[in-house]
Amino acid sequence: MSAIQVIHSGFFTTVQDGGRFGYQKAGVSVGGVMDSFASRLANLLVRNGPNEATLEITMSGPTLRFETDALLAICGGSFRCTLNGESVSMWKPLVARSGDILSIGACQNGYRAYVAFAGGLNIPLVMNSRSTHVQAHIGGFHGRSLQPGDVLPLRSNTLTIPESPIRWGIAFSARNYINGKRKIVRVVEGPEYHMFTEQSQERFFSSTYEVTTQSDRMGYRLQGQALERKTNQEMISEAVTFGTIQVPKKGQPIVLMADCQTTGGYPRIAQVISVDLPILAQARPGDHIQFQKVSWQEARQLYTEREQQMKRWKRMIQQKWREVHDAH
Amino acid sequence: MDYTMFPLSEYAVTVRFSAEVDEAVNDYVHRVAIFLEQQKKNGILDIVPTFSSVTVYYDPLVVGGYEEMCEWLRTELERVEQVEAPPSRTVVIPVCYGGEFGPDLEEVARFHGMTEDEVIAIHAQGRYRVYMIGFAPGFAYLGGLSPKIATPRRATPRTHVPAGSVGIAGNQTGVYPLATPGGWQIIGRTPLALFRPHHEEPSLLRAGDIVQFCPITEEQYRMWDDERHSSNT
């Protein structure tokens, strides 16, 4: 059986795919990858579907021993990666041979990375998804983060694994969003934006917010200038989603992330635009966030442009793979 | 029924029918959700009914963007009257009140100057409507707690509340489907699993259902628990 042995698990490594849609009415979070930009590109590099399950690595990565030849790609924040002790690059396809040891060390820039394996991980679907839902102990690898001794099975891969190393990958310019301890994140006004005082509305955009250590896949708790509401009027719970910024009574915002609850009852001051969610996913505790206001029209335009860009990456990668196979 | 529509994200739109909690509005919300689901429109990812709104998640590349989505919703909302309201079921939830399963029952009784049995009787006499499932897997927002036993949350939340714990928080009552930290006053525990991830319908409760709590003894609880565990293995 094609498999990968987990020797070290890293700080927090889970299996995540494009998310678990269709069960929010049962209270089940969508979950899925935090940085969909990096994970989709990792999948495209090994010619998987964009939402195939990947390993999501946080802060420090795992050490893996291959019991089969495999084709993989690692994208996301910069982690020191070695294959049998030799440095290997991220953002390009890599070949591992049976017996090889891949070690993904500490994160030097950003916070998360994704490992995609050609063919995907052979892990059962739970409610149509392979994402790990840690709180409910479902999905992924037995509903939990990886531990030493785990054996990850791979689905059989129909690709021929190339003999010689691959020289191409994703351009540097695509990784800009990961850089810097101070990040600009674009948002649109949320449904309860008007519930905040004018001063607080202004403050939300003019000051910076620090990502606190109480931040995880469910949400980022931010620390900065407190935000006040005009009245203490309670609101009733309504749907919330990845990127919704809620403000509880104390006035410190919480950005809901991939594993967020399905509904919430705090005023939603803003919504992070979809294309900037990867920027937040790569922010770590201690980093600073500045919010910048855009319109829904701009947000939708940026969304469409991102999808068009993804299509271009896909075409480029397919072309490169054709060249690899033609060379044989 | 009147409504407003607004975007929640680039791939989600909320249709809000009211800003209040109201049984009739809530019935309508669930009818809308079921009706929209029945249309099986390509590109719809998820439909989330809440107290008085429905949020629809969609793939803009398939559906064609926010304006197209709103247009489709406006057309469909004209036809909702055609669906029957879903059948409301009465779900009886057995609860072992007090003791190790309900560590705050004594406190709740003292707060209201009642005996523990009086609190149990009032809680078990209630008929609770499921307004929505949300927040956590299988968590039901129930309406209808008697004001006689409404009790503020604990000053310090517990770091671990076992799955199945039945609690009171202000004028709400409910059951924790999963073990989590929590600040509700825990008055008992049910052996029933409210979240069943491998069932076709993973939440035991459904919006519109009526919940009744039925007191059971500790012995009955343990027998129930054994049955559940043996049937799972």
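Which side chain meets that of A:R217 in a salt bridge?

Guide: Happy to take you there! The partner is A:E56, and the two side chains meet at 2.8 Å, N to O. This is a predicted model, in which local features need pLDDT of at least 70 and side-chain atom pairs pLDDT 80 or more, while totals for chains, interfaces and linings use all residues. Residues are numbered from 1 along each chain as written, chains are lettered from A and ligands numbered from 1 in written order, and side-chain values use heavy atoms, without hydrogens or water.

Now for the setting. Chain A is assigned domain 1 (3–174) and domain 2 (182–294), with bounds from an automatic or database assignment. Over C-alpha atoms, the centres of domain 1 and domain 2 of chain A are 29 Å apart. Domain 1 of chain A puts 24 residues into the contact and domain 2 of chain A puts in 18 (heavy atoms within 4.5 Å). Between domain 1 and domain 2 of chain A, about 1,500 Å² is buried, 49% of it from carbon and sulfur atoms (accessible area, 1.4 Å probe, lost on being put together and summed over both parts). On the domain 1 side of chain A, the residues that lose the most area to domain 2 are A:M34, A:Y111 and A:R112, which together make up 37% of what that side buries.

Back to the charges: the count between domain 1 and domain 2 of chain A is one salt bridge (Lys or Arg side-chain nitrogen within 4 Å of an Asp or Glu carboxyl oxygen). There are also twelve residue pairs in polar contact between domain 1 and domain 2 of chain A, both residues at pLDDT 80 or more (a donor and an acceptor, N or O, within 3.5 Å; sequence neighbours count only through side-chain atoms on both).

Which strands carry the domain 1 side? In chain A, β2 (12–16), β5 (70–83) and β8 (101–117) each supply at least two of its residues, and β8(A) gives the most, with six (strands are DSSP E runs of at least two residues, helices H or I runs of at least four, numbered from the N terminus). By class, the side of domain 1 of chain A that touches domain 2 has eight nonpolar, 13 polar and three charged residues.

Chain A meets a partner chain as well: 36 of its residues are in contact with 41 residues of chain B. Among the three salt bridges between chain B and chain A, one joins B:E37 and A:K25 at 3.1 Å, N to O.

Notes: Buried area is the accessible area (1.4 Å probe) that two parts lose on being put together, summed over both. Ala, Val, Leu, Ile, Met, Phe, Trp, Tyr, Cys and Pro count as nonpolar, Asp, Glu, Lys and Arg as charged, and the others, Gly among them, as polar.
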